[in-house]
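Visitor: I would like to go through this model one feature at a time. Please show it first.

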Amino acid sequence: MPGIYLHIPFCRQKCRYCDFTSFPNRLNFAEAYMACLFKELELRGKELGDVCFDTVYFGGGTPSVIDPDYIYGAMKQIKKCFRLSKDPEITIEMNPGTVNEKKIAIYKRAGINRFSVGLQTAIDSQLEELGRIHNVRDYLYCTSLLKGENFSADVMLGLKGQTKEDLRKTIAIAAGSGASHISMYALTPEDGTPIYTDYLNGELPDGDEVRELYDYACQLLRKEGYERYEVSNFAREGFRSRHNLNYWRRGEYIGVGVSASSFFFGRRFTNTFDLDEYMKCILSGFLPVVENEKVEGKDAKSEFVMLALRTSDGISAARYREAFGSDWKSDFAVPYAKNRAYFEEDGDRTKFLDEYLYVQNRILMDFIGE
Ligand code: SF4
């Protein structure tokens, strides 16, 4: 079932590695921005009011940095403008340096039932080096407020000087705090971010070192009872993220807010990345879409295959046939034959052998534009 994504683009300060659409100096625009976001929800709701949505996700930026009443208001607006399933999954991303008891109480009252908390690392000096505004104690305080709730912890790999022992401590703290889900992403040094200079100076771990950290972390997570269900996502039984699973199944979703992207009716479209332009457009009654592309034919099939193969469930021949009316192994006969040794078959499913899930990008290149 489709999902709704809301982008909250404010942060207290810019992390040194951040390439997301976030504006650390414009928190004073939160009220005006949220008024526009409510308006966009109304406009989108008019188009999609009949569709039933199963997930809502507040991402950013830092959704937890703004007044929690705006989040409450956004949920009220969603319920007014859209049809939600009986038991929707509603997630909010939180920076541990911005959370208190009152905020969590308001989120829960708004219907939020899943929390995604940015731990990143349990080594304070590394958090400082990354430009994060929180320390490990903030994370522990934040998660103590989430006792008994469904929450995920974010962990980063490939940090300057990061050792296996640092990672062991980080995973122990994330697991010990009660996280039902852990997302673990390798730091990507994007050109234009301050951390890119560290990368050019050779101060970050290289690809082989990150791979070693990843493999080590996977072992630890398995021992702690987290199952890898996507290359970067691990969950206790019954706690996979429904919102993200929908992306990997090439399900439809609507993105609301500056820079948010959507996939609906076979089209991928994206809102402007410019905060002022976003607000101007909405205030003039227009949707602020800057890119809009119909994805069909081979491109749609490639997307389906590449997204499905990111997951440990792999690609289902039946689901592919249902979507496209053909057999995926015939449609991709050449790349499939070339890479067959990397896959295993499990009933109607084809998936990467465990050891190749992490290095899949190189293999998947063969499936693009086939
Ligand atoms: S908190 Fe997240 S969005 Fe904000 S600056 Fe840091 S990495 Fe970027």
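Visitor: What span does helix H1 reach from its first C-alpha to its last?
Guide: In this predicted model, H1 covers residues 30-48, which makes 19 residues. At 1.5 Å a residue, 27 Å is expected. The span in the model is close to that, at 26 Å.

Visitor: How wide is the arc that the buried residues of H1 cover around the axis?
Guide: The buried residues of H1 are Tyr33, Met34, Cys36, Leu37, Glu40, Leu41, Arg44 and Leu48. They lie on the same side of H1, because the arc they cover around the axis is only 155°.

Visitor: Where is the cis peptide bond, and what is its omega?
Guide: One of the two residues concerned, Gly61, is placed in the loop between strand E2 (52-60) and H2. The cis bond joins Gly60 to Gly61, and omega is about 15°.

Visitor: Is Ile90 buried or exposed?
Guide: Ile90 belongs to strand E3, residues 83-94. A residue needs 20 or more other C-beta atoms within 10 Å to count as buried. Ile90 has 20 such neighbours, so Ile90 is buried.

Visitor: Which residues is Ile90 in contact with, leaving aside its neighbours within four places in sequence?
Guide: Met75 is 15 residues from Ile90 along the chain, and their C-alpha atoms are 9.4 Å apart. With the neighbours within four places in sequence set aside, the contacts of Ile90 are Val56, Gly111, Ile112, Asn113 and Arg114.

Visitor: What is the phi of Gln120, and is this residue buried or exposed?
Guide: Gln120 is in strand E4, residues 114-120. Although Gln120 is not a glycine, its phi is positive, at about 75°. Its C-beta neighbours inside 10 Å number 26, so Gln120 is buried.

Visitor: Phe265 also has a positive phi; is Phe265 buried or exposed?
Guide: Its phi is about 50°, and Phe265 is not a glycine either. The residue sits in the loop between strand E10 (261-264) and strand E11 (267-271). Because 10 other C-beta atoms lie within 10 Å, Phe265 is exposed.

Visitor: Which residues of H5 are exposed on the side away from its buried residues?
Guide: Tyr139, Cys142 and Thr143 are buried in H5. They are on the same side of the helix because they cover an arc of only 90° around the axis. Their cover includes E3, E4 and E5. On the other side of H5, the exposed residues are Arg137 and Ser144.

Visitor: What arc do the buried residues of H6 fall within?
Guide: H6 has 13 residues and reaches 18 Å, close to the expected 18 Å. Leu167, Thr170, Ile171, Ile173 and Ala174 are its buried residues. They line one face of H6, because seen down the axis they fall within an arc of 160°.

Visitor: Which exposed residues does the face of H6 turned away from its buried side carry?
Guide: The buried residues of H6 have cover that includes E4, helix H5 (136-144), strand E5 (151-157), strand E6 (181-186) and H8. The face turned away from this buried side carries Lys164, Glu165 and Gly176.

Visitor: At what angle do H6 and H8 pack, and how far apart are their axes?
Guide: The helices are H6, residues 164-176, and H8, residues 207-223. H6 passes H8 in a right-handed crossing. The angle is about 35°, and the axes are 10 Å apart.

Visitor: How many residues of the contact of H6 with H8 are nonpolar?
Guide: From H6 come Lys164, Leu167, Arg168 and Ile171, and they meet Leu213, Tyr216, Ala217, Leu220 and Leu221 in H8. Of the residues of this contact, two are charged, none is polar, and the nonpolar ones number seven.

Visitor: Last, how far apart are the C-alpha atoms of Ala300 and Val117?
Guide: Ala300 is in helix H11, residues 297-308. With 15 other C-beta atoms within 10 Å, Ala300 is partly exposed. Ala300 and Val117 are 183 residues apart along the chain, and their C-alpha atoms are separated by 33 Å.

Notes:
Residues are numbered from 1 along each chain as its sequence is written. This is a predicted model: local features need pLDDT of at least 70, side-chain atom pairs count only at pLDDT 80 or more; totals for chains, interfaces and linings use all residues. Helices (H or I, at least four residues) and strands (E, at least two) are DSSP runs, numbered from the N terminus. The expected span of a helix is 1.5 Å times one less than its number of residues. A residue is buried if 20 or more other C-beta atoms lie within 10 Å of its own, exposed if 12 or fewer, and partly exposed in between; C-beta atoms are placed from the backbone. The arc is that of the directions from the helix axis to the C-beta atoms. Axes are lines fitted to C-alpha atoms, for helices over the stretch in contact, and angles run from 0 to 180 degrees between N-to-C directions. A crossing is left-handed if the near helix is turned anticlockwise from the far one by less than a right angle, and right-handed if clockwise. Two residues are in contact if their C-beta atoms, placed from the backbone, lie within 7 Å. Ala, Val, Leu, Ile, Met, Phe, Trp, Tyr, Cys and Pro count as nonpolar, Asp, Glu, Lys and Arg as charged, and the others, Gly among them, as polar.
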